[in-house]
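Here is a structure to read through in questions and answers. Look at the sequence and the model first.

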Amino acid sequence: MSFDVDLSLTRGGRQIAVRFRSDAPVTALFGPSGAGKTSVLEAVSGLLRPDRGRIAVAGEALFDSTARINLPPERRGCGFVFQDLRLFPHRTVRQNLLYGHRADPGPGLRMALDEACAFLGIEHLLARMPRTLSGGEAQRVAIGRALLSGPGVLLLDEPLAALDAPRREEVMAVIERIRDELRLPMLLVSHQRAEVERLAGHVVEMPLSMT
Amino acid sequence: MLSAEEWQIVALSLKVGAVAIALTLPVAFVLAWVLARGRFRGIVLLDALVHLPLVLPPVVTGWLLLIAFGPAGPVGRVLSQVFGITLLFRWTGAALAAAVMSLPLMVRAIRLSIEAVDTRLEQAARTLGAGPWRTFATITLPLSLPGVLAGVVLGLARSLGEFGATITFASNIPGETRTLPLAIYAALQAPGGDAMVWRLAAISVVLSLAALVASEALGRRTGMGRHGHVL
């Protein structure tokens, strides 16, 4: 089972509860903004501690409130592509890409810098600083940085929201190739029905009011 | 141009300032980090204590140092009996006085720059496999560097200008604790000291300007153009 999640958490004074099991290549968390989709990604990656519940990814328990398991983010093997990308502004594209690179990622995705560059078409950007990149370029660098960290799964938070239509098509194709060629399980957050239907094999609906 | 005595005063001032900053910087960074990121009761009190030397009359700060670090003081007794160190009337005492006086300015500058570091970047580093220490060394520290440099410049300027706490705690001893401001004060008192006052005051201006220019250049070298201005 790629994702086995059953948790409740409090964010901004509101209770968010979600429960899903999925073995699909791409699992989507779908719902209106404010439903807590991003909070669930943060909980899976270890950036946010749920009030209670259990999170298992690829059969490994990352968080379990009854068994007192709570792995820190750096040991969860979750590549995270943030909605606001969060490229390191003081490092070149190359340094960003190699930040989390490991020679031996264990069971995680094994990828070299030139492979990732060819896969994403970003070879020509290596010497640039992040602030000089266009939106689509920065998006691909952020995806590359997450892929190179040797992740077991990839978490994508609204990866298409900030892009215009042609760029959106481009990044959507990249996600499909991660799914089909790299076979890396993905958990995707989106509020766009079309995007979810095209990419995801399993959709978790997150309505606005959950108690 | 300068007499041997005046060169010696400049050298002593720089030594006192450098040692004071070296002493204060790690302490100031830790305090700044705690004040910027800490979430605990008593943080307001800690903040107030750190800022005390900024608002207290420097003579009072010097007197408090005298009480604590003097031969009969709780810290002074341990230092002299266990380590054989005395600070009173020594250049090390002048450095301590300068360090205490520059601490609040350094903490303020560094704290502002730590607060300006985007914690979302630190989160990103964690998801890429970096533990808390590597995240600190590769993200938090380099991004707060302009503020650290600003703190060093402010602290150094404050150290070179320190008068009240130094004269109270370390006294005004030629060759030992007579830094630039104390030498200027002594020259003002001495008959025919005018020329020396002019020269020492000119050196003070040059040193202060040099510190500002150096910090500006360093700020630019960190490669973050718009953050280059540290003051």
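S8(A), helix H5 (residues 165–182) of chain A and S9(A) form a right-handed β-α-β unit. Right-handed means that, with the strands pointing away from the viewer, the path from the first strand over the helix to the second runs clockwise. Helices (H or I, at least four residues) and strands (E, at least two) are DSSP runs, numbered from the N terminus.

This is a predicted model, where local features need pLDDT of at least 70 and side-chain atom pairs count only at pLDDT 80 or more. Residues are numbered from 1 along each chain as its sequence is written.

Student: How many residues of strand S8 (residues 153–157) of chain A are buried?

Tutor: Buried means under 20% relative accessible area (1.4 Å probe, protein chains only). On one side A:Val153, A:Leu155 and A:Asp157 are buried, and on the other A:Leu154 and A:Leu156. The buried count for S8(A) is 5 of 5.

Student: Which residue in S9(A) does A:Leu156 stand opposite?

Tutor: Strands pair if DSSP finds at least two bridges between them. S8(A) and strand S9 (residues 186–190) of chain A run parallel, joined by 4 bridges. Opposite A:Leu156 stands A:Leu188.

Student: Which residue stands opposite A:Leu156 on the S7 side?

Tutor: Strand S7 (residues 78–81) of chain A also runs parallel to S8(A), with 4 bridges. Opposite A:Leu156 there stands A:Val81.

Terms used:
Chains are lettered from A and ligands numbered from 1 in the order in which they are written. Side-chain values use heavy atoms; hydrogens and water are left out. Buried means under 20% relative accessible area, exposed over 50%, partly exposed in between (1.4 Å probe, protein chains only).
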